[in-house]
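Subject: Structure handover

Hello,

Please find the structure below. My notes on it follow.

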Amino acid sequence: MDPFDYPRRWEADVVLSDGGTVHLRPIVPTDADALRAFHGRLSERTRYFRYFGPYPRIPDKDLRRFSTVDHHDRVAFIALLGDDIIAVGRYERLNGQDSAEVAFVVEDAHQGRGLGSILLEHLAAAARERGLAKFEAEVLAENAQMVRVFRDAGYQVSREFDEGVLHLEFAIDPTEAAVAVARAREQAAEARSVHNLLHPRSVAVIGASTDPTKIGYAVFSNLLAADFAGPVFPVNAEHPSVRGVRAYPSVLDIPDPVDLAVVAIPASGVDEVLDACLAKGVTNLVVVTSGFGETGPDGRGAERRMVGAARAHGMRVVGPNALGVVNLDPTVRLNATLAPTLPGPGRTGFFCQSGALGTAILADAAARGLGLSTFVSAGNRADVSGNDLLQYWETDANTDVVLLYLESFGNPRKFARLARRLGRRKPIVAVKSGRNTVLPALAATGVAVDEASVQALFEQAGVIRVESIAQLFDTALLLAHQPLPAGERVAVVGNSSAIGVLAADAALAQGLTLADDPVDVGAQAGPDVFADAVARTLRRPDVDALVVVFVPPLTIPGTAYARALREAAAEVEETKPIVSTFLAAEGIPASLAVPGPDGAPGKGSIPSYPSPERAVLALARATNYARWRSTPRGHLVRPEGLDQPAAASIVTAALSASDGAEVELADAQVIALLAAYGIPVMPFRVVADASSAVAAAAALGLPVVMKTASRQFRRRSDLVGVRLDLTTEDGIRNAYAELRQVSGVDEVYVQRMAPKGISCTIGLQDDPSFGTLVSFGLAGLISDLLGDRAYRALPLTDTDAEAIVRAPKAAPLLAGYGGGEPADLAALSDLVLRVAALAEDVPEVRELALEPVLASSAGAFVTGGRVTVGPPPSRHDTGPRRLRAPGE
């Protein structure tokens, strides 16, 4: 094999445990000089641990062998920081076996950064691709750090000790424990990376301007106005100072270290600035400059090159075309954005993809009294994305609620995984622009996805989806200041019967339950009477949440009622959420605010909405989220009897024959692919004359079904191309003649009849927002017209599989509705899990349809299937840790 020819998917940018980045790729012969230099920088102790002897220099013969590998039986990865190799890991197959010896060495200055575990993950993934099943390693007993890498990887390691050397062996299959270890390290590393971005010790503004109309002036002024806790260095080659602060011609001229650089110069000059920042050792870059990926192919290319160079030198990038980053922690006070107005400090984190909307969003949050912990506007999202922020907020003690404004997902599968995990602890509220984003990608399946199904996909991931920025803040105000409801029972208290009825109607329309008729204290009731009604209602055991509607009377100031409401709520021991329509205010009025430690509205503050409908909608969303969080998580399970290598070989052969183009598999390939995942198709034969049909039926066993092979008649609900329950030779001959006449095609399928049951369909398709989707529905014209399909995004848990077969509106038919015999829902769930496992293991499966699947008390029987394979449009979320490619 050409030593320069390796799978490009093996290249990756990775985040280390301290938040820095390196570039990982297979070694090639031209790396020999860098490898020799790397070896020369190793300490004697490190060389001794790796080679079991002094080995002060690499002989030319060894150098050629170490740098020239076949990328199959001999594989080596190098970790690059800039142009320097800082770590090497390799495996060599043992005598044609399915086992290989593995070893790696890390430069002394970079030990303790997690490079060993990352190299092991990538080597194991490559080895599995090459048919290896086990690694072996020889480690000196005193090399505790290396022993720890193997021990803590999550594999089942066996050990033998002989004369000071440990012999280790372990299977490299991605066990649940190994995957959990890798993902825990991924979370810690990516969270640390974002922590470094949001907690810089110093900031340089490159392009800081003396002209108030320039963005460089705005960013620098906002940093000063926020009173950033560290030094701020303006970089301006034309002026000795900016706003009274000494300026520097280049970032290289700054005498102190720089953690964060904000770039506010034209796009044409960014490459030169990037080089200077790399040389300076800047670890984080915020590029507010536009003119990159949003301008077209040339801009996208420049964007990818910038991010690639930055990551290879250990740097993370926000932007380009970003508004910037904010950290309102009183010990940081960072406003590295173009936004002059910030909300107060709070416990809500906000990720915004749109730089254009960012300024308005921050001003709106300030006007409503919603405090923020951190804010990131990532613009083109070339590097730092919403997924990175989810990793950070999961363990950020200063953030309780997460808000997202998204235009797309960089890695939808990873988003779903991270959201599920984070959502169990902290609510996530998202505006996803384009309510019908899912539909174009699914149009090819011929099945329309209704809005309820789209909503279900977000709910599956634990994300509270809203339709607008206004609804985002409505929901966030409730989640940030009030507890989650324990149930769906809502009470309404107010001083207007008309508005109380509106609130009650809104609650019923949102699927909530009224605990009782609205309580109306009357327009003349004073604050004490009003507060007493609130307190009594909150203490009722049949009430989970309270809606307070209030119209200010003419004689008593409304603020007196507000204070009475706030005090009554504080005195009641029961912790139940309250929403209000108070004084026509929007947000947290001062009279309804409970000051937090920093003086901003804290826990217990009561949000107010301009209308009862908006108040109830926010409450309904919080209720649905609370229900999701309280349901069992389920387990990611893999059914027995899966043969991934067999399935992969079928797909690889099909793609090879089509030169990598998307192609529909032939019947035999579909049968073999499904069989590899334990999905049998009812036996059938394809025949081209009546006598062959009779012979096929006798061989298969009666009764049989016959179907025309013409594609024109597939998925026809009138079954004009199908003849069922054939039991005699004459019937079979007549059926063949009829099908031949209807279709004009000689070939027909003769298939053994499945037990009679309800016809269902199970499908797969890839979606740009959610990744691969599994669908389930009852087959037939009515279901198609109504779009009665349920969807779930991968990966599926056992509870997801059980839920999806019960989710369609027609699903009660499967449970025996109308006196019918219930179908075997467990068998249907098992089929769904097998289809999901196939999609996870073989992402080249672009579309799949099992149709019809006949579900009855006897089981679930697949009678037909179609599969299309091609290059997967969304990157997989399994395998070793890596950052997404720029532009994904």
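Of the 888 residues of the chain, 55% count as buried. The model is a predicted one. For a chain of 888 residues, a compact globule would have a radius of gyration near 29 Å, and the 32 Å found here agrees with that. Along the principal axes, the C-alpha atoms fill a box of roughly 95 × 90 × 55 Å. The secondary structure comprises 26 helices and 38 strands.

Salt bridges

The structure holds 43 salt bridges. One of them joins Glu186 and Arg417, whose closest N and O atoms are 3.2 Å apart. Glu186 sits in helix α6 (residues 176–198) and Arg417 in helix α12 (residues 412–423), so this pair ties together parts that are 231 residues apart in sequence. Both Glu186 and Arg417 are buried.

Another pair is Asp830 and Arg834, with an N to O distance of 2.8 Å. These two residues are four apart in helix α26 (residues 825–841), which means that about one helical turn separates them. Asp830 is partly exposed, at 29% relative accessible area, whereas Arg834 has 10% and is buried. The cut-off for buried is under 20%.

Arg740 and Asp746 also form a salt bridge, at 2.4 Å from N to O. Arg740 is partly exposed, with a relative accessible area of 33%, and Asp746 is partly exposed as well, at 39%.

Finally for this topic, a network of salt bridges links Asp13, Arg311, Arg316, Asp383 and Asp388.

Surface patches

Asp162 counts as exposed because its relative accessibility is 53% and the cut-off for exposed is over 50%.

There is also a nonpolar surface patch, formed by Leu781, Ile782, Leu785 and Leu786, which together have about 470 Å² of accessible area. Ile782 is part of helix α24 (residues 781–786). With a relative accessibility of 61%, Ile782 counts as exposed.

One further residue

Ala653 lies in helix α20 (residues 644–657). Its relative accessible area is 45%, so Ala653 is partly exposed. Ala653 and Gln669 are 16 residues apart along the chain, and 9.9 Å separates their C-alpha atoms.

Regards

Key. Residues numbered from 1 in each chain as written. Predicted model: local features only at pLDDT ≥ 70, side-chain atom pairs only at ≥ 80, totals over all residues. Heavy atoms only, no water. Buried < 20%, exposed > 50% of the residue type's maximum accessible area, 1.4 Å probe, protein only. Rg over C-alpha atoms; globule rule 2.2 N^0.38 Å. Patch = residues over 30% accessible without salt bridge, like charges linked within 9 Å, V, L, I, M, F, W, Y side chains within 5 Å. Areas by Shrake-Rupley, 256 points an atom, 1.4 Å probe, with all protein chains shown as cover. Salt bridge = Lys/Arg side-chain N within 4 Å of Asp/Glu carboxyl O.
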